[in-house]
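Dear colleague,

I am passing on the structure we spoke of, and would be glad if you could look it over alongside the notes below.

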Amino acid sequence: MHTSTTSTVPLEPWTPKQLQEATQGEWLHGNIPQGAIKRILTDSRHAEVGDVFLALKGERFDAHDFVAQVATQGCQIAIVEHPIDVDIAQLVVKDTRLALGDLGAYRRKQNAHLKVIALTGSSGKTTTKEMLGSILSRLAPTLITRGNLNNDLGVPMMLLELRKEHQYAVMELGASHQGEIDYTSNLVQPHVAGILNIGTAHLGEFGGREGICRAKSEIYAHILPQGVAIVPAADDFTANIRNSAQAHSNLSFGQGGDVYATEIELKPQSVRFNLHTPQGQRVVNLPFAGEHNVQNATAATAFALAIGIELDDIVEGLEQAQGAKGRLNFIQHQNHLFIDDTYNANPTSMRAAAQVLLQQQGLKVMVMGDIGELGDSSWQEHHDLGRDLAALALDQIVVVGEYANAALQGSSHSEKLHAFATQAEALPFLIQLIQTHQPQSMSFLFKGSRFTHMETLMADLMEKI
(Lines give C-alpha, C1' and ligand atoms only; values in the text may rest on other atoms or scores of the structure.)
Protein backbone atom coordinates (compact mmCIF):
# COMPACT_ATOMS: atom_id res chain seq x y z
CA MET A 1 0.00 0.00 0.00
CA HIS A 2 1.62 3.25 -1.13
CA THR A 3 0.98 6.07 1.30
CA SER A 4 0.74 9.48 -0.27
CA THR A 5 3.29 11.87 1.18
CA THR A 6 1.45 14.91 -0.12
CA SER A 7 -1.55 16.43 1.60
CA THR A 8 -4.77 17.07 -0.31
CA VAL A 9 -5.70 20.00 1.96
CA PRO A 10 -4.38 23.57 1.38
CA LEU A 11 -1.42 24.11 3.71
CA GLU A 12 -0.30 27.17 5.65
CA PRO A 13 1.94 29.21 3.32
CA TRP A 14 5.60 29.91 4.10
CA THR A 15 7.67 33.02 3.48
CA PRO A 16 11.27 32.89 2.22
CA LYS A 17 12.34 34.50 5.52
CA GLN A 18 10.71 31.68 7.51
CA LEU A 19 12.46 29.03 5.39
CA GLN A 20 15.81 30.68 6.07
CA GLU A 21 15.05 31.14 9.79
CA ALA A 22 13.96 27.52 10.24
CA THR A 23 16.91 25.92 8.41
CA GLN A 24 19.67 28.50 9.10
CA GLY A 25 20.50 28.14 5.39
CA GLU A 26 21.84 30.78 2.99
CA TRP A 27 20.16 31.96 -0.20
CA LEU A 28 22.55 31.33 -3.11
CA HIS A 29 23.97 34.64 -4.46
CA GLY A 30 21.53 36.44 -2.15
CA ASN A 31 18.76 35.52 -4.60
CA ILE A 32 15.71 35.63 -2.27
CA PRO A 33 12.47 34.58 -3.99
CA GLN A 34 9.37 36.78 -3.79
CA GLY A 35 5.82 35.88 -2.76
CA ALA A 36 4.17 33.19 -0.66
CA ILE A 37 5.23 29.55 -0.82
CA LYS A 38 2.36 27.08 -0.78
CA ARG A 39 4.17 23.88 0.30
CA ILE A 40 7.48 22.08 0.80
CA LEU A 41 7.80 18.69 -0.81
CA THR A 42 10.41 15.98 -1.42
CA ASP A 43 8.77 14.19 -4.36
CA SER A 44 9.94 15.77 -7.62
CA ARG A 45 7.02 14.27 -9.57
CA HIS A 46 4.51 16.57 -7.83
CA ALA A 47 6.56 19.80 -7.77
CA GLU A 48 4.87 22.78 -9.44
CA VAL A 49 4.61 26.58 -9.34
CA GLY A 50 4.59 27.86 -5.73
CA ASP A 51 6.33 24.80 -4.28
CA VAL A 52 9.71 24.39 -2.63
CA PHE A 53 11.55 21.22 -3.64
CA LEU A 54 13.68 19.81 -0.81
CA ALA A 55 16.41 17.58 -2.29
CA LEU A 56 17.01 14.59 -0.03
CA LYS A 57 20.01 12.29 -0.29
CA GLY A 58 19.80 8.57 0.50
CA GLU A 59 22.12 5.61 0.19
CA ARG A 60 20.85 4.80 -3.29
CA PHE A 61 19.51 8.13 -4.58
CA ASP A 62 20.28 11.85 -4.66
CA ALA A 63 17.34 14.15 -5.36
CA HIS A 64 19.76 16.96 -6.26
CA ASP A 65 19.72 15.23 -9.67
CA PHE A 66 16.05 16.28 -10.07
CA VAL A 67 16.39 20.01 -9.39
CA ALA A 68 16.62 20.79 -13.12
CA GLN A 69 13.50 18.69 -13.73
CA VAL A 70 11.39 20.48 -11.10
CA ALA A 71 12.45 23.82 -12.60
CA THR A 72 10.87 22.77 -15.92
CA GLN A 73 7.66 21.97 -13.98
CA GLY A 74 7.45 25.58 -12.77
CA CYS A 75 8.97 25.06 -9.29
CA GLN A 76 11.13 28.12 -8.59
CA ILE A 77 12.76 27.28 -5.23
CA ALA A 78 14.92 24.38 -4.05
CA ILE A 79 16.52 23.53 -0.71
CA VAL A 80 19.89 21.92 -1.45
CA GLU A 81 23.16 20.88 0.19
CA HIS A 82 25.28 22.33 -2.63
CA PRO A 83 24.57 24.79 -5.46
CA ILE A 84 23.04 23.34 -8.63
CA ASP A 85 23.66 24.90 -12.05
CA VAL A 86 19.98 25.67 -12.65
CA ASP A 87 18.24 29.08 -12.83
CA ILE A 88 16.17 28.62 -9.67
CA ALA A 89 16.29 30.20 -6.18
CA GLN A 90 18.37 27.89 -3.93
CA LEU A 91 18.52 27.79 -0.15
CA VAL A 92 21.79 26.02 0.69
CA VAL A 93 21.82 24.03 3.96
CA LYS A 94 24.32 21.64 5.59
CA ASP A 95 22.03 18.59 5.52
CA THR A 96 18.65 18.50 3.76
CA ARG A 97 17.39 15.60 5.92
CA LEU A 98 18.01 17.65 9.06
CA ALA A 99 16.61 20.76 7.33
CA LEU A 100 13.33 18.87 6.82
CA GLY A 101 13.28 18.17 10.57
CA ASP A 102 14.01 21.85 11.29
CA LEU A 103 11.11 22.92 9.09
CA GLY A 104 8.74 20.47 10.82
CA ALA A 105 9.88 21.67 14.26
CA TYR A 106 9.43 25.31 13.19
CA ARG A 107 5.85 24.66 12.10
CA ARG A 108 5.17 22.81 15.39
CA LYS A 109 6.46 25.82 17.38
CA GLN A 110 4.21 28.15 15.36
CA ASN A 111 1.22 26.19 16.72
CA ALA A 112 1.85 26.63 20.44
CA HIS A 113 -1.88 26.14 21.23
CA LEU A 114 -1.77 22.59 19.82
CA LYS A 115 -2.22 19.61 22.16
CA VAL A 116 0.04 16.80 20.95
CA ILE A 117 -0.03 13.05 21.62
CA ALA A 118 2.93 10.90 20.54
CA LEU A 119 2.78 7.12 20.63
CA THR A 120 4.97 4.18 19.73
CA GLY A 121 4.98 0.41 20.22
CA SER A 122 5.70 -2.85 18.44
CA SER A 123 2.07 -3.54 17.55
CA GLY A 124 -1.26 -1.72 17.72
CA LYS A 125 0.12 1.73 16.82
CA THR A 126 -2.07 2.26 13.77
CA THR A 127 -5.29 1.06 15.41
CA THR A 128 -4.71 3.05 18.61
CA LYS A 129 -3.93 6.11 16.46
CA GLU A 130 -7.19 5.64 14.52
CA MET A 131 -9.15 5.29 17.78
CA LEU A 132 -7.60 8.51 19.11
CA GLY A 133 -8.32 10.21 15.80
CA SER A 134 -11.97 9.19 16.12
CA ILE A 135 -12.17 10.52 19.71
CA LEU A 136 -10.42 13.84 19.07
CA SER A 137 -11.62 14.77 15.58
CA ARG A 138 -15.23 14.72 16.83
CA LEU A 139 -14.25 17.55 19.18
CA ALA A 140 -11.92 19.74 17.07
CA PRO A 141 -9.74 19.67 13.93
CA THR A 142 -7.05 17.02 14.49
CA LEU A 143 -3.90 16.13 12.56
CA ILE A 144 -3.31 12.35 12.52
CA THR A 145 -0.26 10.54 11.13
CA ARG A 146 -1.18 9.19 7.72
CA GLY A 147 -0.20 5.65 6.76
CA ASN A 148 3.34 4.87 7.85
CA LEU A 149 4.75 8.43 7.88
CA ASN A 150 6.30 7.76 11.28
CA ASN A 151 10.08 7.90 10.74
CA ASP A 152 12.69 10.69 10.70
CA LEU A 153 11.36 11.85 7.32
CA GLY A 154 7.66 11.05 7.72
CA VAL A 155 7.20 12.81 11.08
CA PRO A 156 8.43 16.23 9.87
CA MET A 157 6.42 15.76 6.64
CA MET A 158 3.30 15.36 8.83
CA LEU A 159 4.22 18.41 10.95
CA LEU A 160 4.39 20.49 7.74
CA GLU A 161 0.65 19.81 7.38
CA LEU A 162 -0.22 21.61 10.63
CA ARG A 163 -2.70 24.44 10.18
CA LYS A 164 -3.86 27.11 12.61
CA GLU A 165 -7.27 25.47 13.07
CA HIS A 166 -5.74 22.21 14.36
CA GLN A 167 -6.36 21.80 18.10
CA TYR A 168 -4.95 18.28 18.45
CA ALA A 169 -2.27 16.16 16.79
CA VAL A 170 -1.82 12.39 17.12
CA MET A 171 1.68 11.48 15.98
CA GLU A 172 2.82 7.90 15.52
CA LEU A 173 6.58 7.48 15.99
CA GLY A 174 8.38 4.43 14.63
CA ALA A 175 11.84 3.18 15.53
CA SER A 176 14.15 1.44 13.09
CA HIS A 177 17.35 2.45 14.91
CA GLN A 178 18.50 3.86 18.26
CA GLY A 179 18.13 7.64 18.45
CA GLU A 180 15.35 7.92 15.86
CA ILE A 181 12.52 8.40 18.39
CA ASP A 182 14.68 10.79 20.43
CA TYR A 183 14.97 12.87 17.23
CA THR A 184 11.30 12.71 16.17
CA SER A 185 9.84 13.24 19.67
CA ASN A 186 12.01 16.35 19.96
CA LEU A 187 10.43 17.67 16.73
CA VAL A 188 6.92 16.78 17.94
CA GLN A 189 7.20 18.22 21.50
CA PRO A 190 4.32 16.12 22.91
CA HIS A 191 2.17 16.90 25.94
CA VAL A 192 1.42 13.20 26.32
CA ALA A 193 3.63 10.38 25.06
CA GLY A 194 3.76 6.65 25.59
CA ILE A 195 4.61 3.11 24.58
CA LEU A 196 1.92 0.54 23.79
CA ASN A 197 4.11 -2.57 24.13
CA ILE A 198 7.55 -4.03 23.54
CA GLY A 199 7.17 -6.86 21.06
CA THR A 200 9.43 -8.44 18.49
CA ALA A 201 8.93 -6.10 15.51
CA HIS A 202 12.31 -4.88 14.12
CA LEU A 203 14.09 -7.44 16.32
CA GLY A 204 16.91 -7.64 13.77
CA GLU A 205 17.93 -3.98 14.01
CA PHE A 206 18.07 -3.85 17.80
CA GLY A 207 19.65 -7.19 18.69
CA GLY A 208 16.91 -8.11 21.16
CA ARG A 209 13.89 -6.82 23.02
CA GLU A 210 15.99 -4.84 25.53
CA GLY A 211 17.30 -2.82 22.59
CA ILE A 212 13.76 -2.28 21.31
CA CYS A 213 12.71 -1.09 24.78
CA ARG A 214 15.60 1.38 24.96
CA ALA A 215 14.81 2.76 21.50
CA LYS A 216 11.08 3.19 22.16
CA SER A 217 11.64 4.64 25.65
CA GLU A 218 13.29 7.65 24.00
CA ILE A 219 9.71 8.90 23.44
CA TYR A 220 9.62 10.12 27.08
CA ALA A 221 12.65 12.41 26.67
CA HIS A 222 10.80 15.39 25.18
CA ILE A 223 7.42 15.46 26.97
CA LEU A 224 6.60 19.09 27.76
CA PRO A 225 6.60 20.32 31.38
CA GLN A 226 3.44 19.19 33.26
CA GLY A 227 2.98 16.55 30.57
CA VAL A 228 2.00 12.92 31.14
CA ALA A 229 3.78 9.66 30.33
CA ILE A 230 1.57 6.72 29.30
CA VAL A 231 2.92 3.28 30.27
CA PRO A 232 1.63 -0.29 29.75
CA ALA A 233 0.86 -1.87 33.13
CA ALA A 234 1.29 -5.52 32.15
CA ASP A 235 4.19 -5.59 29.67
CA ASP A 236 7.31 -7.73 30.18
CA PHE A 237 9.26 -4.47 30.18
CA THR A 238 6.92 -2.36 32.34
CA ALA A 239 9.62 -1.84 35.01
CA ASN A 240 12.14 -0.57 32.42
CA ILE A 241 9.49 1.66 30.82
CA ARG A 242 8.43 3.16 34.17
CA ASN A 243 12.08 3.87 34.89
CA SER A 244 12.41 5.81 31.61
CA ALA A 245 9.17 7.70 32.29
CA GLN A 246 9.85 8.63 35.93
CA ALA A 247 10.49 12.32 35.21
CA HIS A 248 6.77 12.77 34.45
CA SER A 249 3.47 11.88 36.05
CA ASN A 250 2.37 8.45 34.76
CA LEU A 251 -0.97 7.04 33.65
CA SER A 252 -0.99 3.30 33.00
CA PHE A 253 -3.30 1.06 30.96
CA GLY A 254 -3.99 -2.67 30.81
CA GLN A 255 -4.40 -5.27 33.53
CA GLY A 256 -3.40 -3.79 36.88
CA GLY A 257 -3.29 -0.26 35.44
CA ASP A 258 -5.20 3.00 35.93
CA VAL A 259 -7.29 2.26 32.81
CA TYR A 260 -8.35 -1.35 32.28
CA ALA A 261 -11.15 -3.57 30.95
CA THR A 262 -13.28 -6.27 32.62
CA GLU A 263 -16.15 -8.51 31.50
CA ILE A 264 -14.76 -8.74 27.98
CA GLU A 265 -17.26 -10.33 25.60
CA LEU A 266 -15.70 -11.29 22.25
CA LYS A 267 -18.00 -11.27 19.22
CA PRO A 268 -17.06 -12.18 15.63
CA GLN A 269 -16.55 -8.58 14.50
CA SER A 270 -16.71 -6.54 17.70
CA VAL A 271 -16.07 -6.58 21.46
CA ARG A 272 -18.13 -5.45 24.44
CA PHE A 273 -16.40 -4.68 27.74
CA ASN A 274 -16.47 -2.61 30.91
CA LEU A 275 -13.97 0.25 30.76
CA HIS A 276 -12.55 1.29 34.16
CA THR A 277 -10.80 4.66 34.51
CA PRO A 278 -9.92 7.18 37.26
CA GLN A 279 -12.94 9.17 35.90
CA GLY A 280 -15.39 6.28 36.41
CA GLN A 281 -16.48 3.29 34.38
CA ARG A 282 -18.53 2.76 31.22
CA VAL A 283 -19.69 -0.09 29.00
CA VAL A 284 -18.06 0.10 25.56
CA ASN A 285 -19.26 -1.58 22.36
CA LEU A 286 -16.08 -1.51 20.31
CA PRO A 287 -16.49 -2.07 16.54
CA PHE A 288 -13.17 -3.94 16.35
CA ALA A 289 -12.60 -7.69 16.66
CA GLY A 290 -10.15 -9.33 19.03
CA GLU A 291 -9.08 -9.02 22.63
CA HIS A 292 -5.88 -7.25 21.52
CA ASN A 293 -8.08 -4.35 20.36
CA VAL A 294 -9.48 -4.01 23.89
CA GLN A 295 -5.90 -3.34 24.94
CA ASN A 296 -5.59 -0.74 22.16
CA ALA A 297 -8.84 0.88 23.36
CA THR A 298 -7.60 1.10 26.97
CA ALA A 299 -4.39 2.69 25.67
CA ALA A 300 -6.35 5.21 23.54
CA THR A 301 -8.47 6.00 26.61
CA ALA A 302 -5.38 6.67 28.74
CA PHE A 303 -3.87 9.01 26.11
CA ALA A 304 -7.17 10.88 25.71
CA LEU A 305 -7.74 11.25 29.47
CA ALA A 306 -4.18 12.54 29.88
CA ILE A 307 -4.85 15.29 27.36
CA GLY A 308 -8.02 16.34 29.18
CA ILE A 309 -10.82 14.61 27.24
CA GLU A 310 -14.03 13.69 29.10
CA LEU A 311 -14.84 10.01 29.50
CA ASP A 312 -18.21 10.26 27.68
CA ASP A 313 -16.47 11.78 24.65
CA ILE A 314 -13.87 9.00 24.73
CA VAL A 315 -16.52 6.25 24.75
CA GLU A 316 -18.45 7.86 21.91
CA GLY A 317 -15.25 8.18 19.87
CA LEU A 318 -14.29 4.55 20.51
CA GLU A 319 -17.73 3.30 19.49
CA GLN A 320 -17.57 5.26 16.22
CA ALA A 321 -13.96 4.42 15.32
CA GLN A 322 -13.11 2.68 12.07
CA GLY A 323 -10.16 0.46 11.32
CA ALA A 324 -7.46 1.43 8.84
CA LYS A 325 -7.32 -0.27 5.45
CA GLY A 326 -5.77 -3.73 5.73
CA ARG A 327 -6.35 -3.90 9.50
CA LEU A 328 -8.89 -6.65 10.20
CA ASN A 329 -11.29 -5.49 7.49
CA PHE A 330 -14.21 -7.92 7.10
CA ILE A 331 -15.30 -8.60 3.52
CA GLN A 332 -18.26 -10.89 2.74
CA HIS A 333 -17.76 -12.44 -0.70
CA GLN A 334 -20.39 -14.95 -1.88
CA ASN A 335 -20.91 -17.19 1.14
CA HIS A 336 -17.36 -16.79 2.43
CA LEU A 337 -15.79 -14.27 4.80
CA PHE A 338 -12.44 -12.73 3.90
CA ILE A 339 -10.58 -10.91 6.66
CA ASP A 340 -8.02 -8.49 5.22
CA ASP A 341 -5.29 -7.99 7.83
CA THR A 342 -2.55 -7.54 5.25
CA TYR A 343 -1.28 -4.08 6.21
CA ASN A 344 1.66 -5.49 8.18
CA ALA A 345 2.60 -8.21 10.64
CA ASN A 346 4.80 -9.16 13.54
CA PRO A 347 4.73 -12.35 15.65
CA THR A 348 2.46 -10.78 18.30
CA SER A 349 -0.09 -9.42 15.83
CA MET A 350 -0.08 -12.71 13.89
CA ARG A 351 -1.14 -14.61 17.03
CA ALA A 352 -3.76 -11.93 17.83
CA ALA A 353 -5.20 -12.22 14.29
CA ALA A 354 -5.50 -16.00 14.68
CA GLN A 355 -7.62 -15.44 17.80
CA VAL A 356 -9.98 -13.23 15.76
CA LEU A 357 -10.29 -15.95 13.11
CA LEU A 358 -11.25 -18.45 15.81
CA GLN A 359 -14.34 -16.32 16.57
CA GLN A 360 -15.70 -16.65 13.01
CA GLN A 361 -18.20 -19.05 11.41
CA GLY A 362 -17.57 -22.04 9.15
CA LEU A 363 -14.22 -23.55 8.26
CA LYS A 364 -11.38 -21.35 9.50
CA VAL A 365 -8.40 -20.89 7.18
CA MET A 366 -5.36 -18.80 8.14
CA VAL A 367 -3.19 -17.62 5.22
CA MET A 368 0.14 -16.31 6.49
CA GLY A 369 2.98 -14.60 4.64
CA ASP A 370 6.52 -14.02 5.86
CA ILE A 371 7.26 -11.61 8.69
CA GLY A 372 10.18 -9.31 7.99
CA GLU A 373 12.72 -7.40 10.11
CA LEU A 374 13.32 -10.26 12.55
CA GLY A 375 17.03 -10.57 11.73
CA ASP A 376 18.74 -13.71 13.03
CA SER A 377 15.54 -14.70 14.86
CA SER A 378 13.54 -15.11 11.61
CA TRP A 379 13.72 -18.89 11.33
CA GLN A 380 12.98 -19.46 15.03
CA GLU A 381 10.08 -16.97 15.14
CA HIS A 382 8.40 -18.59 12.11
CA HIS A 383 9.05 -22.04 13.57
CA ASP A 384 7.36 -21.03 16.84
CA LEU A 385 4.43 -19.48 14.97
CA GLY A 386 3.91 -22.74 13.09
CA ARG A 387 3.88 -24.60 16.40
CA ASP A 388 1.44 -22.19 18.07
CA LEU A 389 -0.96 -21.84 15.12
CA ALA A 390 -1.12 -25.61 14.58
CA ALA A 391 -2.16 -26.01 18.23
CA LEU A 392 -5.22 -23.77 17.70
CA ALA A 393 -8.67 -24.94 16.55
CA LEU A 394 -8.06 -23.65 13.02
CA ASP A 395 -9.08 -25.96 10.17
CA GLN A 396 -6.32 -25.10 7.71
CA ILE A 397 -3.15 -22.99 7.85
CA VAL A 398 -1.54 -21.96 4.57
CA VAL A 399 1.96 -20.49 4.94
CA VAL A 400 3.60 -18.70 2.00
CA GLY A 401 7.17 -17.49 1.54
CA GLU A 402 10.81 -18.00 2.37
CA TYR A 403 10.08 -19.13 5.95
CA ALA A 404 7.08 -21.35 5.17
CA ASN A 405 9.16 -24.47 5.83
CA ALA A 406 10.25 -23.13 9.23
CA ALA A 407 6.55 -22.89 10.19
CA LEU A 408 5.94 -26.38 8.78
CA GLN A 409 8.74 -27.83 10.91
CA GLY A 410 7.45 -25.96 13.96
CA SER A 411 4.05 -27.56 13.45
CA SER A 412 5.72 -31.02 13.43
CA HIS A 413 4.41 -31.33 9.85
CA SER A 414 0.82 -31.07 11.06
CA GLU A 415 -1.66 -32.27 8.44
CA LYS A 416 -3.50 -28.96 8.59
CA LEU A 417 -0.44 -26.76 7.90
CA HIS A 418 0.59 -26.39 4.24
CA ALA A 419 3.78 -24.61 3.14
CA PHE A 420 4.30 -22.89 -0.24
CA ALA A 421 7.28 -20.93 -1.53
CA THR A 422 5.15 -18.51 -3.60
CA GLN A 423 1.63 -17.10 -3.86
CA ALA A 424 1.36 -18.62 -7.34
CA GLU A 425 1.82 -22.08 -5.79
CA ALA A 426 -0.57 -21.39 -2.91
CA LEU A 427 -3.44 -20.08 -5.05
CA PRO A 428 -4.49 -23.42 -6.70
CA PHE A 429 -4.46 -25.09 -3.27
CA LEU A 430 -6.78 -22.40 -1.83
CA ILE A 431 -9.14 -22.66 -4.83
CA GLN A 432 -9.25 -26.44 -4.43
CA LEU A 433 -9.92 -26.05 -0.69
CA ILE A 434 -13.07 -24.01 -1.44
CA GLN A 435 -14.23 -26.44 -4.14
CA THR A 436 -13.71 -29.46 -1.89
CA HIS A 437 -15.84 -27.99 0.88
CA GLN A 438 -18.68 -26.58 -1.26
CA PRO A 439 -21.26 -25.38 -0.26
CA GLN A 440 -19.88 -24.94 3.27
CA SER A 441 -19.04 -21.38 4.24
CA MET A 442 -15.44 -20.57 5.08
CA SER A 443 -13.63 -17.77 6.88
CA PHE A 444 -10.20 -16.78 5.53
CA LEU A 445 -7.72 -14.50 7.26
CA PHE A 446 -4.83 -13.09 5.19
CA LYS A 447 -1.83 -11.56 6.95
CA GLY A 448 1.88 -10.92 6.33
CA SER A 449 4.49 -8.20 6.43
CA ARG A 450 3.97 -5.30 4.02
CA PHE A 451 6.56 -6.54 1.50
CA THR A 452 4.71 -9.85 1.01
CA HIS A 453 1.61 -8.13 -0.48
CA MET A 454 -0.75 -10.81 0.84
CA GLU A 455 -3.68 -8.65 -0.33
CA THR A 456 -2.73 -9.74 -3.88
CA LEU A 457 -3.26 -13.41 -3.04
CA MET A 458 -6.56 -12.56 -1.34
CA ALA A 459 -7.78 -10.57 -4.37
CA ASP A 460 -6.71 -13.38 -6.74
CA LEU A 461 -8.62 -15.97 -4.72
CA MET A 462 -11.78 -13.81 -4.53
CA GLU A 463 -11.64 -13.35 -8.30
CA LYS A 464 -11.40 -17.08 -8.99
CA ILE A 465 -14.34 -18.29 -6.88
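The notes that follow cover an annotated domain, a sheet, the cysteines and the aromatic rings.

Please bear in mind that this is a predicted model. An unreviewed UniProt entry annotates residues 37-93 as "domain: Mur ligase N-terminal catalytic"; over that stretch the chain is 11% helix and 26% strand, with its end C-alpha atoms 18 Å apart.

An open sheet of 5 strands runs in the order β1-β5-β4-β3-β2, with mixed pairing. Its edge strands, each pairing on one side only, are β1 (26-27) and β2 (39-41). Strand β1 runs antiparallel to β5 (residues 89-92), to which 2 bridges join it, and W27 stands opposite L91 in β5.

As for cysteines, the search of the whole structure returned 0 disulfides. C75 is buried, with a relative accessible area of 0%, and C213 is also buried, at 3%.

The count of aromatic pairs comes to 5. One of them, F338 with F444, is stacked, at 5.2 Å centre to centre and 10 degrees between the planes; since F338 belongs to strand β16 (residues 336-340) and F444 to strand β20 (residues 442-447), the pair ties together parts that are 106 residues apart in sequence. Both F338 and F444 are buried. Another pair, F420 with F429, is tilted, with 5.4 Å between centres and 45 degrees between planes, and both of these residues, F420 and F429, are buried. Ring pairs also link F338, F444 and F446 into a cluster.

Finally, the charged end of R107 sits over the ring of W14, 4.3 Å from its centre.

Terms used:
Residues numbered from 1 in each chain as written. Predicted model: local features only at pLDDT ≥ 70, side-chain atom pairs only at ≥ 80, totals over all residues. Heavy atoms only, no water. UniProt positions renumbered as here; feature names shortened; annotations may be inferred. Helix = DSSP H or I, 4+ residues; strand = E, 2+ residues; numbered from the N terminus. Pairing = 2+ DSSP bridges. Disulfide = S-S within 2.5 Å. Buried < 20%, exposed > 50% of the residue type's maximum accessible area, 1.4 Å probe, protein only. Phe/Tyr/Trp six-rings, centres within 6.5 Å; stacked < 30°, edge-to-face > 60°. Lys NZ or Arg CZ within 6 Å of the ring centre and 35° of its normal.
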